[in-house]
Amino acid sequence: MSHCLWCGDFVTSNLTWSNVFRLDVDHGFCEWCERQLEPLDAAQSLCRQCGRDLSQLPETFHEKGVCQDCLRWEASDWKGVLDNNRSLYHYNEFLRDVMARYKFRGDALLSEAFRTPFRRAFRRYFKNFCVVPIPLSKERMFERCFNQSERLAALTGGTVVSALERPLHTEKQSKRTRSERLAIQRPFQLVDKATSGVIGKHILLVDDIYTTGTTLRQAAAAVREAQPNKVCALTLARG
């Protein structure tokens, strides 16, 4: 028996033969909190590129399994920069509150509540990919004391390489529009000593939230300078 990482209530689990030998099963949330999450893998159809739930969009906003937002990306200079993204959950009100406490109020332990779904998604879609977390600037790291994406990357159980750095400190991305984010020139760059770890590899970028896709594509563009075979992304939530 343990405590829910969100509400503090007791968490109990039924002992069954199916989970006795499952070392990757944990129970970070209680049953009530778990029900507040909206897993995207429960959706009938997802965008093949960004993982968005197409059932929540009018039919005119997607074509052949790809949403209009991704179609615009692929019709721009960013074509092919990011192969695809998969997100675990809808960015609903409950998860928004969880992320606020996780990112902005320093509750780093909350990431452990997602260990099982994150690892399962990694094994299902990105097994043997080299994991690269989205970095923070030094100023943002000092402010938060931890990088939320690094903690999520560690949950995958894969090989994590800190191949990127963010030398430019900017306003929080959540406060910027897509065009304002794109106006920032080269916010990421390769770390020289880590370049050999991504050359010719399948790369998985890890971040907390996919909102416009700008941050991930800017990071993917920097990684592609090392000529990886593929660049995908895994995020906790799809905004």
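Guide: Let's start with a rule: two strands pair if DSSP finds at least two bridges between them. Please keep in mind that this is a predicted model.

Visitor: What makes β5 and β10 a pair?
Guide: Strand β5, residues 84-90, and β10 are joined by six bridges. The rule asks for at least two, so β5 and β10 pair, and they do so in the parallel sense. One of the partners to look for is Arg86, which is bridged to Leu234 in β10.

Visitor: How many bridges join β9 to β10?
Guide: Eight bridges join strand β9, residues 202-210, to β10, and the two run parallel. Tyr210, for instance, has Arg238 in β10 as its bridge partner. Between β9 and β10 the chain passes through helix α9, residues 214-223, in a right-handed β-α-β crossover.

Visitor: Why is Thr235 called buried?
Guide: Buried means under 20% relative accessible area. Thr235 has 0%, so Thr235 counts as buried. This residue is part of strand β10, residues 230-238, where eight of the nine residues are buried.

Visitor: What makes the link between Thr235 and Ser87 a polar contact?
Guide: The cut-off for a pair of N or O atoms is 3.5 Å. The side chains of Thr235 and Ser87 are joined at 2.6 Å, which is within that limit, so the link is a polar contact. Beyond its neighbours in sequence, Thr235 also touches other residues, among them Phe118, Asp207 and Leu216.

Visitor: What makes Gln227 exposed?
Guide: Gln227 reaches 62%, which is over 50%, so Gln227 counts as exposed. You will find Gln227 in the loop between α9 and β10, with a positive phi of about 55°.

Visitor: How do you know that Phe29 and Phe114 form an aromatic pair that is edge-to-face?
Guide: Eight aromatic pairs are found in the whole structure. For Phe29 and Phe114, the ring centres are 5.5 Å apart and the planes are at 75°. Centres must lie within 6.5 Å, and planes over 60 degrees apart count as edge-to-face, so both tests are passed. Phe29 and Phe114 are 85 residues apart in the chain, and both are buried. Ring pairs also link Phe29 and Phe114 into a cluster with Trp6, Tyr89 and Phe94.

Visitor: How do you know that the charged end of Arg96 sits over the ring of Tyr91?
Guide: The distance from the ring centre is 4.8 Å. The distance limit is within 6 Å, and a test on the angle to the ring normal applies too; Arg96 is listed as sitting over Tyr91, so the contact counts.

How values were computed:
Residues are numbered from 1 along each chain as its sequence is written. This is a predicted model: local features need pLDDT of at least 70, side-chain atom pairs count only at pLDDT 80 or more; totals for chains, interfaces and linings use all residues. Side-chain values use heavy atoms; hydrogens and water are left out. Helices (H or I, at least four residues) and strands (E, at least two) are DSSP runs, numbered from the N terminus. Buried means under 20% relative accessible area, exposed over 50%, partly exposed in between (1.4 Å probe, protein chains only). A polar contact is a pair of N or O atoms within 3.5 Å; within protein, one must be able to donate a hydrogen and the other to accept it, and residues adjacent in sequence count only if both atoms are side-chain atoms. Contact means heavy atoms within 4.5 Å. A crossover is right-handed if, with the strands pointing away from the viewer, the path from the first strand over the helix to the second runs clockwise. Rings of Phe, Tyr and Trp (its six-membered ring) pair if their centres lie within 6.5 Å; planes under 30 degrees apart count as stacked, over 60 as edge-to-face and the rest as tilted. A charge sits over a ring if NZ of Lys or CZ of Arg is within 6 Å of the ring centre and within 35 degrees of the ring normal. Lists of a residue's contacts leave out its neighbours within four places in sequence.
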